[in-house]
Amino acid sequence: MDVNGTPYRSIWLAKNGWQVDIIDQTRLPHEFVVARLSTLAQAATAIRDMLVRGAPLIGATAAYGFCLGLREKADDAELGKIADTLVDCRPTAVNLRWAVQRMLAVLTPLPRSARVSTAYKEAAAICEEDVVTNKAIGRHGAGLLQDIWKKKGQHGPVNILTHCNAGWLATVDWGTALAPVFRAHSDGIPVHVWVDETRPRNQGAHLTAWELVSAGIDHHLIVDNAGGHLMQHGEVDICIVGTDRTAASGDVCNKIGTYLKALAAFDNKVPFYVALPGSTIDWQVTNGVGEIPIEERDSEEVLVVRGLHDDKIEGVRIAPADTPAGNPAFDVTPARLVTGLITERGVCPASRRGLSSLYPKRENDA
Ligand code: MRU
């Protein structure tokens, strides 16, 4: 996607061919800063501290983190250590495990001397596939937006509510939940996005809003609690969100607060869609609520709000000094609340049967 007229991805190889550049997402929307990763430790920190975030981008960064780790040491014992270091960074997004397992499967049978160059090729392939996948999600999802626009008699914009950031910054390019929005916009379908601010880290306010401003797409930022009210008043035509892990049953695990939006959508008969690449499906999980590990993050993220003050990014404490906080980072939306899943292979019901119809071979992986 373009940033001030220059095309960017969220991660790329530096000109020297081995270091890895990322956009430091902790600084957006106030500063556009490119950070350079040279070691496995730096890649792990970038994932853990959320300089990069979003399930597909975490997977892509882990793949390049693998390359950086192998440059340091490429023997057999090291492969397992690198994998453990990366997988431990964030527990919920299954793409992290998926990317690391894919790297391990390709690299383990190779002699030590061939590992580094092959690792870079595989990491690049993961990134390229992610772009193609998300573009296809955009195409399938835009079809849904077009149908809604037709039903509205081609009057007014299609109003989409989204939660967190599942835009191009959460992937290598295009995004998942926002890919249909970008595609519909470029196809000339008028769209307007309700952007949940997404406390506590405000990925909606910081990242989704920034992406939409950059793309010139009509939107409004809303507090997390406003969605239900807007749905009751017919202001939302469709919800589209991303997912960090999709159970084989069609349950989806996404940023905390997604479940409440799905409940409100269900109550108001607003279609609730989840956009995902196949790499997000965990065929081993049959019950999302009990089986998906939910990341608990630092309570400071809840107690301190970060923003721009006097041209500096600062934190402001919003609760009494002695108040403790809980910070579960994700929740699970049961499949029964999900209207459909938008994948790179098409749209399907949120169910094992629906997913198996699109991914017949993958189901056997479970
Ligand atoms: O904690 P984050 O910012 O990594 O959470 C990201 C999300 O919840 C996204 O919705 C999800 O990863 C899907 S991204 C395409």
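Modeller: Keep in mind that this is a predicted model. The protein splits into domain 1, residues 2–128, and domain 2, residues 138–365. Their C-alpha centres are 24 Å apart.

Start with the contacts. Domain 1 brings 33 residues to the interface, and these touch 33 residues of domain 2. Next comes area. The size of an interface is often given as the accessible area lost when the parts come together. Here, about 2,800 Å² is buried between domain 1 and domain 2. Carbon and sulfur atoms give 58% of that area. On the domain 1 side, the residues losing the most area to domain 2 are His30, Arg53 and Thr92. Together they make up 21% of what that side buries.

Polar contacts across the interface of domain 1 and domain 2 come to 15 residue pairs, both residues at pLDDT 80 or more.

Which elements of domain 1 give two or more residues to the side that touches domain 2? They are strand β1 (2–3) and the helices α2 (55–72) and α4 (94–107). As for make-up, the residues on this side of domain 1 divide into 17 nonpolar, seven polar and nine charged.

Key: Residues are numbered from 1 along each chain as its sequence is written. This is a predicted model: local features need pLDDT of at least 70, side-chain atom pairs count only at pLDDT 80 or more; totals for chains, interfaces and linings use all residues. Side-chain values use heavy atoms; hydrogens and water are left out. Domain bounds come from an automatic or database domain assignment. Contact means heavy atoms within 4.5 Å. Buried area is the accessible area (1.4 Å probe) that two parts lose on being put together, summed over both. A polar contact is a pair of N or O atoms within 3.5 Å; within protein, one must be able to donate a hydrogen and the other to accept it, and residues adjacent in sequence count only if both atoms are side-chain atoms. Helices (H or I, at least four residues) and strands (E, at least two) are DSSP runs, numbered from the N terminus. Ala, Val, Leu, Ile, Met, Phe, Trp, Tyr, Cys and Pro count as nonpolar, Asp, Glu, Lys and Arg as charged, and the others, Gly among them, as polar.
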